[in-house]
Amino acid sequence: MYRLLKQIVRTGIKTEPPPSADEALRVVQQRLKAEILGVFAGSLAIRAVDAGSCNGCELEIHMLNNPYYNLEGLGIKFVASPRHADMLLVTGPVSRNMEVALRRTYDATPEPKLVVAVGDCGCTGGVFGESYASCGRVANVIPVDVAVPGCPPTPIALMQGILTAISAGAGR
Amino acid sequence: MALEGLRLAMTALPGGVPAWHARAEPARLRELAGAIAARAGRLAALWGSDERDRGAGFALHAAFVVDASLLWVEAPLDAERPRYPDLAATFPCADRMQRALRDLLGIEAEGAYDQRAWLRHGAWPADAFPLRRDVPAGETWPNQVEPYAFVQVEGDGVHEIPVGPVHAGIIEPGHFRFSIVGEKVLRLEQRLGYVHKGIDKRFESMSVIEGARLAGRVSGDSTVAYAWAYSMAAESIAQSTPPARALWMRALALERERIANHLGDLGYLGNDGGLAFGLAQFLRLKEDVLRLNARLFGHRYLMDVVVPGGVARDLDPAGGEALLAQCAALEAELAVVRDIYDDHAGLQDRFLTCGIVSPELAARLGVIGLAGRASGQPWDARVAPSFEPYDRLAVNMKLARAGDVAARVGIRFDEIAESIRLIRSIVEQIPGGAIATDVPGSPTGRGIGWVEGWRGESIVALEVADGRIRRAHAHDPSWQNWPALEHAVIGNIVPDFPLINKSFNLSYSGQDS
């Protein structure tokens, strides 16, 4: 136990300042009212859904919780059920074998809800495109609020996308 | 040499690994499989192709590892009634691959025990075969999800827990059906294929150069392994050899990929064992590795660093110094954290005797990669056959026999240490010169690549006509190892499943492709 505590003290606090929202990532204008966004901004629950990705985007979503980015320090946490979620963070392309599961997950998420599409494949279908096995981008299956490109997007880009989705945005 | 006794007319395939191509009538396949098994060989990959546009029928392709060589056997099949004898009786790992082959190409294993669909969940009808060449690349069918007949376990107090495809954690989708009594798992049945993206079909609309990018995305955590295996196959076809410096750079990238993945998994193994400290520590160390990757190679996960002909980024002396400094820092940190893991009674209580795959079972199932080595299976393509530059670096293979979570954790720690040693040797000994050579733009022929990634071996088989991909198949080691996970959880309690699963960390995307 002594060595464990010593290692924690020796490591110190690694957390870096978070990025700001980036309006360029927004797909549709902010639909949610300021009061709701105020609640989300203090405590946002995210359900991550891999709808067909190569697992590259998941690697970076995992890294959001490392001490450098410390997403949970911003009051944003990942939850195990869509019924507990305010936001779906969806990676793609959406495989046809995941199409129904993704729709059901979306339907199971209570309103008001937000959807962030992650990665080049989530944004456009990417290198996999559309085919007998792939529906392509996430927006082909469920409505998307914010899309974060990248292969995979860095943790900073992911944080920007999440923060953009819960910010009021321009013109409000 | 064991290959000689197989009575096959073999053609050597040029390139980085010893590989042979041979044709065999389907009627011979079962006897051939038996002869290979008797020579301590194993089935490495199984795929098929449609040759009807060439005036033939279909073909079954099997890659075997015999005598530290890759033997690619091609069996011609009838155009109207494409059948071949079941190979799963000899090599159990063939079962799911055979089912996938039927789903995609309509070629069938006669006498196979399990006839259920594997990759086809209803996105295309049972009488349509999307990988056939007369099916256009853009063809789609209405998606009608079909029920799947899970094996039922009956008895007093037995009930089922269905999990997935959308999992509670941030992991890839798949379905696990547990049959349990109280907390004890009687049976686990996996159903995969949810992230089938039609990669093989997609390859067929690409040039041999474009295909490298897709190969690097078969399984994102193994992008270096796949890009290298693909490039090896492409270079074999083009009969071009990358400069020595490029091969050393590839090995550098592959070992950094191994370290990054092991670090992440060791963190999650601590977390799943109830020690959140481990997750914070290991993800911090992994982030340091990723940041240096971004600085030196332009990508945190090293995607598109390996390209046909060589590598896309060179290393300067300052980069070499940074790598050595990180090796030293990582080594010091790992010594501390490994001690904490080893001494933590609660964690060891979770790890030891949990999720055992005995060496006998591992041998029967053909378990490979790090999970195989944790169960006494001495397979590592970096060691045998070895390929440049590993033949000069002399990799020390790490083996354990306990086959439990603790053994897989131990192998990961040991392999990180070995990768650190390899990276030091690479930085010190890397030859100078160019980092890439031109690959001829329009080659024709077939080639195969075989690379030991962090999870196990990645194999890419490639057939190219005038620079366009005619058929490409990327094989993930998870095909072999997923069935072992079903066995590993038997008799364990349900809450230990996440821990056991993470200790393997198999790829869904690579298997489903």
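Student: Let's start with a proline. Where is B:Pro165 found?

Tutor: B:Pro165 is in the loop of chain B that runs between β8 (158–163) and β9 (175–181). Helices (H or I, at least four residues) and strands (E, at least two) are DSSP runs, numbered from the N terminus. This is a predicted model, in which local features need pLDDT of at least 70 and side-chain atom pairs count only at pLDDT 80 or more, while totals for chains, interfaces and linings use all residues. Residues are numbered from 1 along each chain as its sequence is written, chains are lettered from A and ligands numbered from 1 in the order written, and side-chain values use heavy atoms, without hydrogens or water.

Student: And the peptide bond from B:Gly164 to B:Pro165, is that cis or trans?

Tutor: That bond is cis, and its omega is near 20°. The bond from B:Glu388 to B:Pro389 is also cis, with omega near 5°. B:Pro389 sits in the loop between α11 (369–373) and α12 (390–393) of chain B.

Student: What about the phi of B:Ala68, positive or negative?

Tutor: Positive: phi is near 55° there, in a residue other than glycine. B:Ala68 belongs to the loop between β4 (58–66) and β5 (69–77) of chain B.

Student: New topic! How many residues of chain A are in contact with chain B?

Tutor: 52 residues of chain A touch 61 residues of chain B, with contact meaning heavy atoms within 4.5 Å. The two chains bury about 4,700 Å² between them, and 60% of that is on carbon and sulfur atoms. Buried area is the accessible area (1.4 Å probe) lost on being put together, summed over both parts.

Student: Which residues of chain A lose the most area to chain B?

Tutor: They are A:Asn97, A:Val127 and A:Tyr132, together 18% of what that side buries.

Student: How many salt bridges are there between chain A and chain B?

Tutor: There are 5, each pairing a side-chain nitrogen of Lys or Arg with a carboxyl oxygen of Asp or Glu within 4 Å. One salt bridge joins the side chains of A:Arg10 and B:Glu333 at 3.2 Å, N to O.
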